[in-house]
Amino acid sequence: MKVSYIVTIYNKAPYIPFVVHGLATQEGAFEREFIFVDDGSTDDSAGVLYRLVKSLPGQVEVIRQENRGPAVASNRGLEKTTGDFIKFVDGDDILLPWATEILLDTMNKGGHAYAFSTRPVPISHEDMSLEHLDSVIARFRADTRNLVSSVWPNPLQHVIHRSHGNPTSWIAARDTVARIGGCAEHIFIQDYIMELSLAAQGSAGIWPGPTFLYPKDDVTRVSANKAQILHDLNMALAEMFRRRPEVMEKYGFQAAKRATGRAWHFARRNRVSRSLLIKSFLDFCGVRVGLTAATPQLFESTAQVFHDGFSIR
């Protein structure tokens, strides 16, 4: 059994020593490979990587490309995988030692399409030292000993309501990830389309403890751009229903309410044009009274409001 770790990196040099440390200390009796994709970093990310990856217990490949965004970088990494399971890791997330083993156990014992954890741990950059990480690991290891996993038989309804984690939080069989088509490269942030597509494949195993740490106060994280996140959430819904049109009848209305709600609330709270404000309101009302149908085109049109005065890739 082999796990392929895919780590996408853009200007993460200060975090890379801790990311590599988290990968190097993964527990479990399985083979592993590590694929890093440097997405056109302009800092010394690649140099730091080349110096540190020799410590990793498995085959290592470092890919460098022009900056094209995390979705493209993730697909580039996927193309290189040879493992039975895929474990994504964001370039500033630090896996806790038990992460891979416990997610594999949760998924395989329940025969689930994928498994994920629900409690990432925020950590400030000032607290990032190997000594401090050891104390954090010891504290959470004691807290997790008696945790019991649970199941979502139909995870799609939960994931449409809201995203439940970034790619670092989940693991899936390589065949499953290949079947869903990987990331949609026209959507900048890959997180939600991957989560939606996995949720449409079958049941999900949920482990209620932490499996990774993330920097809580880094304004350079993609998640700091709220307009981009909301835009990509609605674009991901459009893409998911194009990939799986047969689920539109069951989940389309729920998804349309979420997408139009995001757009309308964003339009109200921000200085968007009057025409987009009115359109967002009409879409919001139209879906709820049955005048506006749930379609991929509707989800894409709701994303227009996030472009008005905001930087969207």
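## Helix 3 and its cover

Several elements cover the buried residues of helix 3 in this predicted model. They include strand 1 (2–9), strand 2 (31–39), strand 3 (59–65), strand 4 (85–90) and helix 7 (174–180). Helix 3 spans residues 70–79. Eight of its 10 residues are buried, so the rest of the structure largely encloses helix 3.

Which residues of helix 3 are buried? They are Pro70, Ala71, Val72, Ala73, Ser74, Asn75, Gly77 and Leu78.

Gly69 sits in the loop between strand 3 and helix 3. Is Gly69 buried or exposed? Its relative accessible area is 1%. Buried means under 20%, so Gly69 counts as buried.

Look next at what Gly69 meets. Leaving aside residues up to four places away in sequence, Gly69 touches Asp39, Phe188 and Arg313. Take Asp39. In sequence, Gly69 and Asp39 are 30 residues apart. In space, their C-alpha atoms are 6.8 Å apart.

Strand 2 and strand 3 run parallel, joined by seven bridges. Within this pair, Phe36 stands opposite Val62 in strand 3.

## Strand 6, covered on both faces

Strand 6 covers residues 114–117. What pairs with strand 6? One partner is strand 9 (residues 170–173), in the antiparallel sense, over three bridges. Here the bridge partner of Ala115 is Ile171 in strand 9. Strand 10 (residues 204–207) is also joined to strand 6, by four bridges, and these two run parallel. Here Tyr114 has Ala204 in strand 10 as its bridge partner.

In a regular strand, side chains alternate between the two faces of the sheet. Now apply that to strand 6. Tyr114 and Phe116 lie on one side, and Ala115 and Ser117 lie on the other. All four are buried, and both faces of strand 6 are covered.

Another open sheet has three strands, in the order 5-11-7, with mixed pairing. Strand 5 (94–95) and strand 7 (121–123) stand at its edges. Each has a single partner strand, so one side of each is left without a neighbour in the sheet.

Strand 5 and strand 11 (residues 212–215) run antiparallel, and two bridges join them. Leu95 stands opposite Phe212 in strand 11. Helix 5 (residues 130–144) lies across strand 5, strand 7 and strand 11. Helix 5 runs at about 160° to strand 7.

## Two helix pairs

Two packed helices are described by the angle between their axes and the distance between the axes. The crossing is right-handed. Ile16, Pro17 and Val20 in helix 1 meet Ser45, Val48, Leu49 and Leu52 in helix 2. By class, this contact has six nonpolar residues, one polar and no charged ones. Helix 2 also has buried residues: Ser45, Ala46, Gly47, Val48 and Leu49. Their cover includes strand 1, helix 1, strand 2 and strand 3.

The other example is helix 8 (residues 191–199) with helix 9 (residues 226–243). They pack at an angle of about 35°, with axes 8 Å apart. This crossing is right-handed. From helix 8 come Tyr192, Ile193, Leu196 and Ser197. They meet Leu233, Ala236, Leu237, Glu239, Met240 and Arg243 in helix 9. The residues of this contact divide into seven nonpolar, one polar and two charged.

## Cysteines

How many disulfides does the structure hold? It holds zero. Cys183 has a relative accessible area of 4%. That is under the 20% limit, so Cys183 is buried. Cys285 has 27% relative accessibility. That value lies between 20% and 50%, so Cys285 counts as partly exposed.

Methods: Residues are numbered from 1 along each chain as its sequence is written. This is a predicted model: local features need pLDDT of at least 70, side-chain atom pairs count only at pLDDT 80 or more; totals for chains, interfaces and linings use all residues. Side-chain values use heavy atoms; hydrogens and water are left out. A disulfide is a pair of cysteine sulfur atoms within 2.5 Å. Buried means under 20% relative accessible area, exposed over 50%, partly exposed in between (1.4 Å probe, protein chains only). Contact means heavy atoms within 4.5 Å. Two strands pair if DSSP finds at least two bridges between them. Axes are lines fitted to C-alpha atoms, for helices over the stretch in contact, and angles run from 0 to 180 degrees between N-to-C directions. A crossing is left-handed if the near helix is turned anticlockwise from the far one by less than a right angle, and right-handed if clockwise. Ala, Val, Leu, Ile, Met, Phe, Trp, Tyr, Cys and Pro count as nonpolar, Asp, Glu, Lys and Arg as charged, and the others, Gly among them, as polar.
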